[in-house]
Amino acid sequence: MPTTVPQTMIGQANPTAIMFFIAFVISTLVITYWAAKRTKTTKDFYAAGRSVTGFQNGLALAGDYMSAASFLGIAGLVSTKGYDGLIYSVGWLVGWPIVMFLLSEPLRNLGKYTFADVVSYRLSQRPIRAAAAAGSLVVVLTYLIAQMVGAGTLIKLMFGLPFEIAIVVTGALMISYVIFGGMIATTWVQIIKAGLLLSGATILVLMTLNKFGFSYGELFKQASSATPLGQKFLEPGGLVTSPMDAFSLGLALMFGTAGLPHILMRFFTVPDVKAARKSVFYATGFIGYFYILTVTIGFGAAVLVGQKVIMGIDAGGNMAGPLLAEALGGNLFLGFLSAVAFATILAVVSGLTLAGASAFSHDLYVGVIRHGQASEKDEVRVAKIATVGLGVTAIALGILFKGQNVAFLVGLTFSIAASANFPALLMSILWKKFTTAGAVLSIYTGLSIATVLLILSPTVWVDVVHKSEKDAVEAKMKTLDANYKNMTEALTKYKAAAGNKSEIDQAIAAEQTAIEAKKKEITEKVTDEKDRAKQIKAAEAKSTKAVEVLQGLAGMDAATAEKALADAKPKYEAEKKETGAAMPKAIFPLKNPGIYSMAAAFLIGILASLMAPDKDAEKKFDAEKLREYLGVGAED
Amino acid sequence: MAKNKTALEILDDPDFKALVSKKNTVSLILTILEFVLYFGFVGLIAYNKPFLAQKMSPDSDTTIGIPIAVLTIVFSWVLTAIYIFWANASYDKDVQKVKDKMGG
């Protein structure tokens, strides 16, 4: 039996995982049934009757935010890139204090079911609800596609279930939770999932630290020697190169969190501002703790599982967490953790779908189409139809995007949330002179600039649109590198033989015997077919080059050979430069447009408001203040 | 006790004005602190990688960057705790005081 292939149950139908998963599905469906009986009014459907406590909402917020992508993705990033993965996890957390200081209380006091309630509070309802619904729906859809494609891929990796079936199962369950149980069921699904995820990750971290005598120092010591990066594994690396890129991405992460509709919506489920702020405190604590666990899991996996094994199963490292669970807790724990990851995906997409359905029904249908005149029964019915519509769209798009690189969609989600939703929301709460035109223009500006710039950025323009050109250039570069290396090596090795015919013939014969032996060795040793073909090709290229060099040496003297060696470098560098020039270039230089699209949204909002003042809205601002700060007249 | 104030009178009430400006000041200061905390960290990554790459002590492999990243997470949470303590201890009482004036 070859030893290079690791023994793992990952990717096979794991009975433990299926058992745990069925237990999760049954218990959540029971909750949904119970919730369905309690969901009668719009307040129940959108806001769980405003009966969620601060602690419960904190868990639910954390549940909404801790996606499988962050659980598996960050552990994977840390296990393959080390410190750079840690940088990412910090960025995901820092938006939460902002949500608390600037938004949580005004949202609770001014809003009813969607953040558009708050933006349109003293402004003209229809245009703002239309714009805000557009912002919400685009954010929800892009995030939903990213989650769905991720879900299909992960479930396939973990259980060996076909991509399409995984997506349909996820979509069907998500639709049932939302349609029958509304916000009450969605909240409890989040709470259960958050509890499972936090406890599962905690157990995994305890088992990991146990291997290092519960010493982080020891873990890092071994991590630095376990990977080819060595000490560099514990230092910031190539993730952040230009300060401007770092700043722009940081802004999008920080303020994008404060513009996610499914997060904002949770502030309408608590009874008062006290519970609203308490829930952010708990959520920030849970999420911060979760990221510290995830990073520990990543470093632990790098040592205890090994990068080679992790990347052998999935190049992105996504299976680092499950592999570590299998290594430490066997098949049973792997099954548990896989089921938790599936539950995580389900919970996040349910929250997103509910937020999208609310924007559609409460803002577009009731606010825009029906001019605010619709019965509760009607509104809930439309929300349920929208849920099915969104669910089916998500399933279809998820399948359509199969195998595509969708990483950019998460960046797009956060850029749009930070640029379209957050500026309008903040200005409507804080700025007396904000007008309807300012809000509408700000939302559409943020939405369009973030989208267009991201398409023109390296993330999409180079990595997605011009992927084939990029891959071609990179392949050419690799060939150039290999050729140069092979040639200089051969020249250095054989230059003494220049002009000596018999010595050269001997060397050529030796090279030919050597390559046959080498090929045989690779065939015996390497079991992976693709890997084997690659290694054989590289060995052949090296040998062919050596023979070529030797044949060339026949007509040279020692001095010419020396000169050829010296000339090789500038020639190689020139060729590399020429090839590199063909690399497709992004039209917009930054990987994330956050800094420009946010600035534009604020600027346009301010300019439009100042150019055409709205005295009526200014007057209403004072009344809004009573409700915002004192809670007088807030929805109960 | 004086007669209950109307909504319009409350808007001009010095206690209400003080409450609004206090709440906005606290929110602003904490937002700026969070901003400085996070972008300070990002700035170190962008401009001073060698600083973060230093070892904690000669016989440890742990770099200074690791506790700094973890502390950025922890301090973010501490800031939310500070806000809660302030709001529960001071803001809620001020709100109640103003609401009492309205007879609510």
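Begin by selecting Phe336(A), which is buried at a relative accessible area of 16%; buried means under 20%, exposed over 50%, and partly exposed in between (1.4 Å probe, protein chains only). The model is predicted: local features need pLDDT of at least 70, side-chain atom pairs count only at pLDDT 80 or more, and totals for chains, interfaces and linings use all residues. Residues are numbered from 1 along each chain as its sequence is written, chains are lettered from A and ligands numbered from 1 in the order in which they are written, and side-chain values use heavy atoms, with hydrogens and water left out.

**Chain A as a whole.** Now display the whole of chain A. The chain has 25 helices and 0 strands; these are DSSP runs numbered from the N terminus, helices being H or I of at least four residues and strands E of at least two. Along the principal axes, the C-alpha atoms fill a box of roughly 100 × 60 × 45 Å. Of the 636 residues, 56% count as buried. Contacts (heavy atoms within 4.5 Å) between residues at least 6 apart in sequence join residues at least 24 apart in 86% of cases.

**The aromatic pairs.** Rings of Phe, Tyr and Trp (its six-membered ring) pair if their centres lie within 6.5 Å; planes under 30 degrees apart count as stacked, over 60 as edge-to-face, and the rest as tilted. Over all chains, a search of the whole structure finds 31 such pairs. Phe20(A) belongs to helix α1 (residues 15-38) and Phe336(A) to helix α15 (residues 320-369), both of chain A, so the pair ties together parts 316 residues apart in sequence. Phe20(A) is partly exposed, with a relative accessible area of 27%.

Next, select Phe247(A), Phe255(A), Phe422(A), Phe602(A), Phe35(B), Tyr38(B) and Phe39(B), which form one aromatic cluster.

**Ser248(A).** Move to Ser248(A) in helix α11 (residues 243-257) of chain A. The residue is buried, with a relative accessible area of 0%. Its side chain reaches the backbone nitrogen of Ile595(A) at 3.0 Å. Residues up to four places away in sequence aside, Ser248(A) touches Leu590(A), Asn592(A), Pro593(A), Gly594(A) and Ile595(A).

**Glu235(A).** Select Glu235(A) in the loop between α10 (216-226) and α11 of chain A. Glu235(A) is buried, at a relative accessible area of 15%. Gly82(A) is 153 residues away from Glu235(A) in sequence, yet their C-alpha atoms are 7.7 Å apart in space. Show chain B here as well: not counting residues up to four places away in sequence, Glu235(A) touches Tyr83(A), Ala53(B) and Thr63(B).

In helix α19 (residues 458-465) of chain A, select Pro458(A), Val460(A) and Val462(A), which are buried. What covers the buried residues of α19(A)? The cover includes α17 (407-430), α18 (436-456) and α20 (467-494) of chain A.

End the tour in helix α20 of chain A, at Thr488(A). This threonine counts as buried, at 15% relative accessibility. The side chain of Thr488(A) reaches the backbone oxygen of Tyr484(A) at 2.8 Å. Neighbours within four places in sequence aside, Thr488(A) is in contact with Leu565(A) and Ala568(A).

Definitions and conventions:
Polar contact = N/O pair within 3.5 Å; in protein donor to acceptor, adjacent residues only side chain to side chain.
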